[in-house]
Amino acid sequence: QGQLVESGGGSVQAGGSLRLSCAASGRTFSNYRMGWFRQAPGKERELVAAISTSGGTTTLAPSVKGRFTISRDNGKNTVYLQMNSLKPEDTAVYYCAARTVGAVEYSYWGQGTQVTVSS
């Protein structure tokens with residue numbers, strides 16, 4: 001059974017940086033488009049960043065554009081989210097997710113990692 005395992009979350013002051021990693025196993029990682037989502041308390045889950053199977057195409061939410069970067073290493077079965085210039089409003093649980101090409105929804109999810117940004 002495939003798994004997605006996030007790591008790299010933690011607490012940081014505003015203006016700081018974190019890099020999240022999501023390691024995939026049990027599936028052919030390069031067949032999946034990957035995304036990073038986040039959910040803050042009392043708010044709906046939102047898509048923060050997405051990346052194509054090859055890594056050649058990325059999409060970022062307007063709220064993080066210019067600060068976050070998504071990338072992937074298919075040789076290591078890992079997707080990354082580099083987060084710079086963090087703001088308190090970035091505080092949330094961050095999840096990675098995978099979807100097959102042609103699918104509308106993300107089918108596979110990690111357990112999440114907490115990111116807390118203090119002012």
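This is a predicted model: local features need pLDDT of at least 70, side-chain atom pairs count only at pLDDT 80 or more; totals for chains, interfaces and linings use all residues.
Is Glu-46 buried or partly exposed? Glu-46 has a relative accessibility of 32%, so it counts as partly exposed.

With a relative accessible area of 0%, Asp-90 is buried.

**Stop two: Arg-67**

Stay on Asp-90 and bring in Arg-67. These two form another salt bridge, and their closest N and O atoms are 2.7 Å apart. Here again distant parts of the chain are linked: Arg-67 is in the loop between strand 6 (58-60) and strand 7, Asp-90 is in the loop between strand 8 and strand 9, and the two residues are 23 apart. Both members of this pair, Arg-67 and Asp-90, are buried.

Show Arg-38, Glu-46, Arg-67 and Asp-90 together, and you have a network of salt bridges. How many salt bridges does the structure hold? It holds three.

Switch to a cartoon view and look for the open sheet whose four strands come in the order 1-3-8-7, paired antiparallel. At its edges are strand 1 (3-7) and strand 7 (68-73), each of which pairs on one side only. From one strand to the next, the twist averages 15°. As for what holds such a sheet together, strands pair through backbone hydrogen bonds, either parallel or antiparallel.

Zoom in on strand 1 and strand 3, an antiparallel pair joined by five bridges. Pick Leu-4 and look across: Ala-24 in strand 3 stands opposite.

**Stop four: Ser-21**

Move along strand 3 (residues 18-25) and select Ser-21. Its relative accessibility is 15%, so Ser-21 counts as buried. Which residues does Ser-21 contact, leaving aside neighbours within four places in sequence? Select Val-5, Glu-6, Ser-7, Trp-36, Thr-78, Val-79 and Tyr-80 to see them.

**Last stop: the cavity**

For the end of the tour, look for empty space. Rolling a probe the size of a water molecule over the atoms shows where such space is left. The count here comes to one cavity of 30 Å³ or more, and the largest cavity has a volume of about 70 Å³.

To find the largest cavity, select its lining: Gln-3, Leu-4, Ala-24, Ser-25, Arg-27, Phe-29, Tyr-32, Met-34 and Ala-98. Leu-4 and Ala-24, the facing residues from the sheet, are both among these lining residues. Which strands each supply at least two residues of the lining? Colour strand 1, strand 3 and strand 4 to see the contributors.

Key: Residues are numbered from 1 along each chain as its sequence is written. Side-chain values use heavy atoms; hydrogens and water are left out. Buried means under 20% relative accessible area, exposed over 50%, partly exposed in between (1.4 Å probe, protein chains only). Contact means heavy atoms within 4.5 Å. Two strands pair if DSSP finds at least two bridges between them. Axes are lines fitted to C-alpha atoms, for helices over the stretch in contact, and angles run from 0 to 180 degrees between N-to-C directions. A salt bridge is a side-chain nitrogen of Lys or Arg within 4 Å of a carboxyl oxygen of Asp or Glu. On a 1 Å grid over the protein atoms alone, a cavity is a set of points where a 1.4 Å probe fits but cannot get out, and a pocket is an open set with protein on both sides within 12 Å along at least five of seven lines; lining residues have an atom within 4 Å of a point. Grid points are joined across faces, edges and corners, and a volume is the space filled by probe spheres set on the points.
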